[in-house]
Amino acid sequence: MEDNAYQDNVHTAGAAPVGTAPTAMTTGSGNGSPAAHAVDLCKTYGTGQAAVHALDGINVVFEQSRFTAVMGPSGSGKSTLMHCMAGLDNPTSGRSFIGGIEVGDLNDAGLTRLRRDRVGFIFQAFNLVPTLTAAENITLPLDLAGKKADKGWFDHLVGRLGIADRLAGKPSELSGGQQQRVACARALISRPELVFADEPTGNLDSMAAGEILSFLRMSVDELGQSIVMVTHDPRGAAYSDRVVFLGDGKVVGEMEQPTADSVLERIRTLAG
Amino acid sequence: MWRITLKSLLAHKLRLALTAIAIVLGVTFVSGTYILTDTIHNTFTSLFSTVYQGFNFQVRGVAQFSNAGTAVRNPIPESILPEIQKVPGVEDAAGSVVGYAQFVSHGGKAIANNGAPTIGASLHSKTLSYLHIVEGRAPTTSHGVVMDAGTAKKYHFKVGQQVRVLLLGPPRTFTITGIARFGDTANLAGATMAAFDTPTAQKVLGEVGKFNAIYVKTAPGASNAAVQRDIARILPRGVDVVTRQVVVNEAISSINQPLSFLSTTLLIFAFIALFVGAFTILNTFSVVVGQRTRELALLRIVGASRRQVFRSVLGEAAILGLVSSLVGLGLGVLTAMGIEALLRGFGISMPSGSPVLAARTIIVALVLGVGVTILAAVSPARRAVRIPPVAAISDSHVADVSLRRRFTWGTSIAIAGVAVLGIGLSNHTIQLVGLGALGVFIGVAMLLPAVASPLSSAIGRPLARTLGTAGRLGRANSMRSPRRTAQTASALMIGLAVVSAFAVIGASISKSVTSVADNAVNADLIVYDKVSSPMSPGFSTTVPKVVAALPGVTMTDTIYGNTPMSGQFKFRHSLGTLTAVSARHLAGTVRLHMTAGDSRALASGAMLIDATVAKSNHLSVGDTVPVRFALTGRSTVRIGGVYKLNPIVGSYLVSDSYYLSHFQNPLPSAVLLRTSGGSSVEGEVQQALAPYPNVQVQNRAQLEHSQLAQIDKLLGLVYALLGLAVIIALIGIVNTLVLSVFERTREIGLLRAVGMKRRQVRMMIRAESVILSIFGAVVGIIIGTGLGVALASSLGSAGITAISVPVSSMVVFLILSAVLGLLAATWPARRAAKLDVLAAIAEE
């Protein structure tokens, strides 16, 4: 239902700082410009004595074509960091960037386009639209933008995720693992620069969780996708290239090439 | 996005259906009104075209003055007829007399079909007559009459039988020589017709030597224009020749006024229903948006713009509105027939015909239905837009527009409404009154959340005390979302406000009638025309003589005029209805409360006027006013006094001698009697008047009672029409409760898990519903009472002189609301009680 004028609008407004930046998958890894980064990011709830500093001056960089896990105990600010960086929530102070775009500069329309065209989301609770079929849920971001889905890319995604035969089903007819795979396809369908995954395996059994994590790993390796995943599962973190540890709204540590054991070990150290 | 809109609609068919009912009913009412009046209009139009055929020209007296499409014309001398017959090109010409004649049934009752005219007419040459004799033949003597087929069938009359006919003079008995149809229909909208041969008609209808009209048919090949010109040339002053088309158009336009009155009245109630429906829709959409918060937020996360969300909600409303309007339109056709039946039940007769669905009806129905739905969805859509994307993943609440801002707006709108209402009331501008009331309702509805919690708490206290936990929870549920409680109750509030306002007006009219009737007459008995037929010019002049001769009757005063068919004259620039009494007996029979001048001025040929006329015309005693009569033309009259409103004598009062000099052969419309007392005299009067079934004898108490009965009947009709609005409001409550039950599935499951019985669940939902209903009813009755008092006090000039608040009716409304609330909860309560405990808790 969207006309062309609206689409033109999408590309000319909001994305000004980087112009028509090449998408992440065509960019080689490690070429300098990060997929997202935050500078002195603060988020405070409440005021005065009752103030809670969910984010307390966070500086973090998420590189392109890498799989970064964000870990930390409950209340460490993992989800708040993700919300603020994705433009879902407003930080109290500091700046955050997706690609070269400063999220704080965008108005609601700009944020909407940012989410629609440059960012993909995967949630713990799947969050599919219950009235739409699996296929319709996958193409939803494109439908909203008034774009046609790239048939080859769509088939590739559903093929890789093994849900080609479940596309006509409603979310309520799918298993949890299947629903999350649909959510993965939806996150990737618009070829975003960055995918935010918030505890994507939190509601899944270990088998289904493994499948989702393998897919995410594969998309980084084969497609050059940039992924930020919030998790508290060391085994999930082991799929990542790098782990950022948070505690009390601050970055308290990092680890490259983690394994489940090394992550567990680090958590113990931090907690101790 | 359209796909989501559509899917969302289809995924909630139940919700869809419930919401749709509110619009369907409103649109049904609107379209039904149009279809009904269009159908009636169409029926009459084709009826008139059928009836008025066979002639080319009508010759008649020019209109002296006209009112509501009915012109007052003088009859024309019959000597014109032979002159016209001699005009070249005239093939046939016949004189026609029309007047009052009313059949008496076998059982001795005056026949009249729900206020339709009872016509007496002359039968003339076959080619020119609209009466087609289908049985028997035309009368050849002055004792024969032709009866219309409708009356013959309904009252079982046959050719050859005797029938009594009420006439200007004494009633007479005729032999039925034939049965006739109007054109090709048996029934002219309930009108009855007694047709006589021309000389008899002239005699019994009071037009000896005269015609009301002459019908002219031109010869084949003759130039119509030339014939019309030639006829016009020979006509005396004050007589006119017009074409058939003019006659047909006049007849059609004469029904337009009562029809437009009917449609306006019905549309007012239809709009009230739609207005209440709008609140129901607003409420449903608000709840639905609330329940879809996560889904809408999710759409925002994956890239839906605010505009897309806004349009999605409005789109849902538009589709809902469109579908409902179409259904409503279809039901409107059925309802048109239903309303017709309803009106007939209340004594207003309509001719029947196949329903007419005009393009205008379809357009208005669709525009209104879709428009109202979309308008009602705007506020919920704006709420939907404010849902932050993050609401999809965390339980953040939608920031509401601050209550303070809402209250500021609500107060402003309510005050503006009161102001507009005040202006409308003082200027008697009904549109402004309506607009003002609308403002008050919207304003109060916006303010309602402020009082929702404390009021629900107060109303629910007895329930909480008597019903235990279930009652306490029901009360708590009604208090926990003041906004939703207020929104749900506001539809019922408006419905009951309108009902209460009418109740106050009705009670005030009743009280005024009682006090006026008590103060209007000194007479012990009142003999008056039943006015069963609008054609009735009064009753026979022999009636006063008959009663005056009775031994127990000590004084009689004959009243002329003051009916729809008598006393018409022009007072300055407006049409009025004149009343006449005998100046000699005035003091003994009528109670006139003079505010200026003296009632004895009547004897000297002066006119008395009521205070309202004096005020609006800025007249005082001694002024001379121009008047005009159909028969005698222009004149002037002196104002001899001013009196307080009196229903027996109307607004303009003169002496009987004055009246008799300006009206030809006037008939009495009432006779006021003083008696030597006792019910035996009343019996004697009844007995003496038995041959006159069109007159009624009542003592003062009966007169009062019969007038009150009429008001009650009218009020009953109004309540029936308002019933729809109340039903729509109740559907709103059902809707909200069902949605609430759905929303609280987990909570109800939990309550069941910890030991609440199904019965208690049902009780809890019912308690909430009753609290909601009483809340809406209380506020509605308070506002409606205020509105009714304001309306009634501004109608002083229209005869409402006393204000009365019918407390007992209000209590009944309140109890009825509670019962209806209980009823509304039946289904939601059952649904809640049926919830499976495990599934309810497990549900995400």
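Okay, one definition before anything else: when I say two residues are in contact, I mean that their C-beta atoms, placed from the backbone, lie within 7 Å. Keep in mind too that this is a predicted model.

So, with that in hand, how many residues of chain B are in contact with chain A? It's 20 residues of chain B, and they meet 23 residues of chain A. On the chain B side, the elements giving two or more residues are α1, residues 2-11, then α8, residues 293-301, and α9, residues 306-345.

Along its principal axes, the C-alpha trace spans about 100 × 70 × 50 Å. And if you take the contacts in chain B with a separation of 6 or more, 83% of them are between residues 24 or more positions apart.

Now, a sheet in chain B. Have a look at the open one with four strands, in the order β5-β15-β1-β16, with antiparallel pairing. Which strands are at its edges? Those are β5, residues 90-96, and β16, residues 239-243, and each of them pairs on one side only. On average, neighbouring strands of this sheet are turned by 20° against each other, ignoring direction.

Inside that sheet, β1(B), residues 57-61, and β15(B), residues 213-218, run antiparallel and are joined by four bridges. If you'd like a pair to click on, Q58(B) stands opposite Y215(B) of β15(B). There's also a helix to find here: α7 of chain B, residues 244-291, lies across β1 and β16 of that chain and runs at about 90° to β16(B).

Over to chain A, which has an open four-stranded sheet as well. The order this time is β2-β1-β4-β5, again with antiparallel pairing. At the edges stand β2(A), residues 52-62, and β5(A), residues 101-102; each has a single partner strand, so one side of each is left without a neighbour in the sheet. For β5(A), there are two bridges to β4(A), residues 93-98, and those two strands run antiparallel. One pairing to look for is F97(A) with its bridge partner E102(A) in β5(A).

Next, helices in chain A. Is α3(A), residues 108-117, mostly covered or mostly open? Mostly covered: seven of its ten residues are buried. Among those buried residues are L111(A) and L114(A), but also R113(A), R115(A), R116(A) and D117(A).

Last stop is a helix pair. The axes of α6(A), residues 176-188, and α7(A), residues 206-223, come within 9 Å and cross at roughly 15°. Angles under 35 degrees count as roughly parallel, and therefore that's what we call α6(A) and α7(A). The crossing is right-handed. From α6(A), the contact uses G176(A), G177(A), Q180(A), R181(A), C184(A) and L188(A), while α7(A) brings A208(A), E211(A), I212(A), F215(A) and S219(A). By class, the residues of this contact are five nonpolar, four polar and two charged.

That's my tour, so over to you for questions.

Conventions
Residues are numbered from 1 along each chain as its sequence is written. Chains are lettered from A and ligands numbered from 1 in the order in which they are written. This is a predicted model: local features need pLDDT of at least 70, side-chain atom pairs count only at pLDDT 80 or more; totals for chains, interfaces and linings use all residues. Axes are lines fitted to C-alpha atoms, for helices over the stretch in contact, and angles run from 0 to 180 degrees between N-to-C directions. Angles under 35 degrees count as roughly parallel, over 145 as roughly antiparallel, 65 to 115 as roughly perpendicular and the rest as oblique. A crossing is left-handed if the near helix is turned anticlockwise from the far one by less than a right angle, and right-handed if clockwise. Ala, Val, Leu, Ile, Met, Phe, Trp, Tyr, Cys and Pro count as nonpolar, Asp, Glu, Lys and Arg as charged, and the others, Gly among them, as polar. A residue is buried if 20 or more other C-beta atoms lie within 10 Å of its own, exposed if 12 or fewer, and partly exposed in between; C-beta atoms are placed from the backbone. Two strands pair if DSSP finds at least two bridges between them.
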